Amino acid sequence: MSNQLEQVLKKQQEQQRSPQEGEIEKVVQLVGFMVGDEEFAVPILSIQEIIKPIEYTRTPKTPPYVLGVFNLRGSVLPLIDLRMKFGLSRSKENEDTRYMVIRHNEEVAGFVIDRLTQATRIKESAIDPAPETLGDEQNMIYGVGKQEDKLISILNVEALLRRDF
């Protein structure tokens, strides 16, 4: 057996051995995106898909941040503008605008985001709890992830999908 192959096999065996208690720290995988000048993230497993903007139909008697509904392969989903939901003014769609379809249990909705940034991994120990600025049931921030050069607000998917319209 070649020396290089032996090294690969040895490395695989080391990775497969059972880790000691506390040796492995849990990591959260997130997808980052911009809304206005702020970067946010949601857990990657809550994202059903990310698509380019498509036609939607306005629905009457809904809050201004609910743009309407759109048809995604036979499913009619609400479309929510995160800029407006966060109290920012609406912006025109451009080549970076995306619809992020998020799912939690049976709730599904599309959210308009300004642009995607990156997929990232943050250790759970590097996530601080949400600031206590709002009541627990209204707070859309799950926590704040600390990276070397920046902070990322991690959104509470369940709160995002909560229907208040």
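Close-up 1. S46 has a relative accessible area of 10%, so it counts as buried (under 20%, with over 50% being exposed and anything in between partly exposed; 1.4 Å probe, protein chains only). This is a predicted model, where local features need pLDDT of at least 70 and side-chain atom pairs pLDDT 80 or more, while totals for chains, interfaces and linings use all residues. Numbering runs from 1 along each chain as its sequence is written, and side-chain values use heavy atoms, leaving out hydrogens and water. S46 sits in the loop between β2 (38-43) and β3 (47-51); strands here are DSSP E runs of at least two residues, helices H or I runs of at least four, numbered from the N terminus. A polar atom of the S46 side chain lies 2.7 Å from the backbone oxygen of P43. Beyond residues up to four places away in sequence, S46 touches V101, I102, R103 and V157 (contact means heavy atoms within 4.5 Å).

**Close-up 2. The largest nonpolar core.** Here we're looking at a set of 21 residues, a nonpolar core being buried Ala, Val, Leu, Ile, Met, Phe, Trp, Tyr and Cys residues joined through side-chain atoms within 4.5 Å. F33, V42, L82, M100, I102, F111 and L160 touch the most other members. Two or more residues come from each of β1 (27-35), β2, β6 (98-104), β7 (107-113) and α3 (157-161), and α3 gives the most, with four. A second, separate core has ten residues, among them I51, L72, Y99 and V101.

**Close-up 3. I102 and its contacts.** Skipping neighbours within four places in sequence, I102 is in contact with V42, S46, Q48, E107, V108, A109, F111, V157, L160 and L161.

Close-up 4. Strands β4 (residues 66-72) and β5 (residues 75-81) pair in the antiparallel sense over six bridges (pairing takes at least two DSSP bridges). N71 has V76 in β5 as its bridge partner. Two residues lie between the strands, and R73 takes a positive phi near 50°. β4 is mostly covered, with five of its seven residues buried.

**Close-up 5. The one cavity.** Searching the whole structure turns up one cavity of 30 Å³ or more; a cavity is a set of points, on a 1 Å grid over the protein atoms alone, where a 1.4 Å probe fits but cannot get out. The largest cavity holds about 70 Å³ of space, counted as the space filled by probe spheres set on points joined across faces, edges and corners. Its lining is D81, R83, R90, S91, K92, E93, T97, V112 and D114, each with an atom within 4 Å of a point.

Terms used:
A polar contact is a pair of N or O atoms within 3.5 Å; within protein, one must be able to donate a hydrogen and the other to accept it, and residues adjacent in sequence count only if both atoms are side-chain atoms. On a 1 Å grid over the protein atoms alone, a cavity is a set of points where a 1.4 Å probe fits but cannot get out, and a pocket is an open set with protein on both sides within 12 Å along at least five of seven lines; lining residues have an atom within 4 Å of a point.
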